Amino acid sequence: MKKMLIKIYRKLPLSFRKKIKNLLKKDTNKDRLTIDDIVKKSQKYDIVSFDIFDTLITRCIYEPDDAFKILGNLIKDEKFIEKRKNSEQHAREKLGHDVNLDEIYDEYMIENNLSKEETDKMKSNEINLEKDLLVPRRDMCTLLQELKKKNKKVILVSDMYLPKKVIVDILNNCGYKDLYDALYLSCDVNKRKDSKTMWTFLKKIHPKEKILHLGDNDLSDVQYPKEFGIDTLKIYSSKELLSKCSLYPSLEGLINERTLSDSILLGLVFNNKIFNSPFADLSIDSLENFAYSFHAPITTEFLKFVIDSEKNNLLFLAREGYYFCKLYKEYCKLNKIEEKDYYYFLASRKATNTATINGEDDVYKLLNNDYNGSIHNFVSKNFNIDIEENYEISLPQDYDKAYVTIKKYIKEIMKSVKSEKRCYIKYIKELIPNYKKEELNVVDLGYSGSIQYNLSKLLDKHVIGYYLTNSDSVKKYYSDSKLNFYFDINDDKEFEKIYHYSLILEYFLTAPYGQLQRFIETKKGVKPEYNEETLDETKKASLKDIYDSIIEYFKDINRLEKYLQYYPSKRLLCRIYVAMVESGIISTSVKDKFDFTDAYCSDSVRNVFKIISRY
């Protein structure tokens, strides 16, 4: 069998064989070291030297030059990057040494006929942006901590125009305070790594000490120091690790077409999270990193979509709405946005389907929905009726068989249905007393508008819907019913993948109690009844991790929105979302956390990634 498969494989076109190899290969950082490896190796040296940018710290943008483009956007000057680079080059030529930021902006002021006040403001913007963009490479911080425990002398070297005080502030903010003994910047000592003068400078200061240098640049950090008897270790930048992983081919085209918001998205996801560590294998092996990179960007942009609508009476549908409400409140608070009237609105397919039944034909239509389990549970969950029969069914395939049983109990079913309808309307009236006159706006992941359809039918009025995405079959109770989709598959067919992998989002967007079954009357008003379902402690912890990661993402983009309006492109958001699932980059240990129960469709616990065939 194996020989036969090899023969078939060899007959395939070369391009197709390459695709198969790419699909089967496991991403791996073959040259990766560990912190312990480096600490052990360092014992043979008197001094350990480190590059700074992209080695110890990294920017939350894709390319360093994108920072200049952001500054250009801030001052509404598309040519700022060209002017800024020219000023740096001209200042260097005039002064005959490696220039600092003050000298660059002195030249910029002359060349662009600006006042000192205008120039100082631009210079201040550049420094502040750098501080807001830069984050530590956390494992490198840990490495320096371990070296200091061993009393190892650590020095930092960088080709950099930012003032030494600014670099010290940045390093302190990133956790490197007291973790190094000396700092050498090209603009301070007038020596550069890329011209090799920094290495002669260091050897002159430390003529007898053995030095080990670590950095990301193949020439200035790896090759050149060796010419001066300095041993080196390559530290991969986050960007280089991204280029080596299986995500990259599907992202490359969109990366090259990136907007400034896209650059920040790429920086946050890859530099700040997935490939923050140079020692990482090329996989997503923590729920925190996965949630920050997969759940947070999509959820954030959908919430902004809802907020930008400026609609009142937002009905965040259960159970997804449980966390949407919390996130909506947090996002508005963080960004100082006035909250609209919003509600965690109890709804489910089961509860709304039953409450909108007007006759026996509507009961039988439910047999066309997907369901796998026993007929006993189906009747009990849909109509709160206890029946004798208890055989297994798979709907809609077993429609005829189930129909016979349903018909037998139809009178009891209709009595129960009328009670549920009456109670549901009472619940809505208690929640929104003026609901008949108010515009109601449903907020949900999607996908076919079933609950919006049912609410329009139940209340006999237009209800507007805001959804993450749509399926290829959308229900409208009125021909002009308004359904708004952030990822509309009619705009781009690729957005269909958002729907395909939506169960990964639904795992998080749930509530700490079961699915709504119906409302019952009590002396204190109507009361919801839920399906029996409890969250175990492991899942509770996972949901908290995901929630905390999304809040962290909120804070990270909030820090940068003073420089530009952050609206990453939908195509890049979608491509990252899809590529993470389809590339196999998510570790099994993370996938194993995604178990869930949907009692309306099945009686058993299932794993999200197994359902979508991406385990």
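Which residues line the second largest cavity? They are Leu71, Leu74, Ile75, Phe80, Tyr105, Met122 and Asn125.

The model is predicted, so local features need pLDDT of at least 70 and side-chain atom pairs count only at pLDDT 80 or more, while totals for chains, interfaces and linings use all residues. Residues are numbered from 1 along each chain as its sequence is written, and side-chain values use heavy atoms, with hydrogens and water left out.

Rolling a probe the size of a water molecule over the atoms shows where empty space is left. Here a cavity is a set of points, on a 1 Å grid over the protein atoms alone, where a 1.4 Å probe fits but cannot get out, and lining residues have an atom within 4 Å of a point. A volume is the space filled by probe spheres set on the points, which are joined across faces, edges and corners. Two cavities of 30 Å³ or more are found in the structure.

| Cavity | Volume | Lining by class |
|---|---|---|
| Largest | about 50 Å³ | eight nonpolar, one polar, no charged residues |

Around the largest cavity you will find Leu265, Val269, Ser293, Phe294, Pro297, Ile298, Leu573, Ile576 and Tyr577. Two or more lining residues each come from helix 15 (260–274), helix 16 (287–308) and helix 27 (570–582). Helix 16 gives the largest share, four residues. Helices are DSSP runs (H or I, at least four residues), numbered from the N terminus. For the second largest cavity, helix 4 (66–74) and helix 7 (116–133) each supply at least two lining residues.

How values were computed:
1 Å grid on protein atoms, 1.4 Å probe; cavity = no way out; pocket = protein on both sides within 12 Å on 5 of 7 lines; lining within 4 Å. Nonpolar A, V, L, I, M, F, W, Y, C, P; charged D, E, K, R; others polar.
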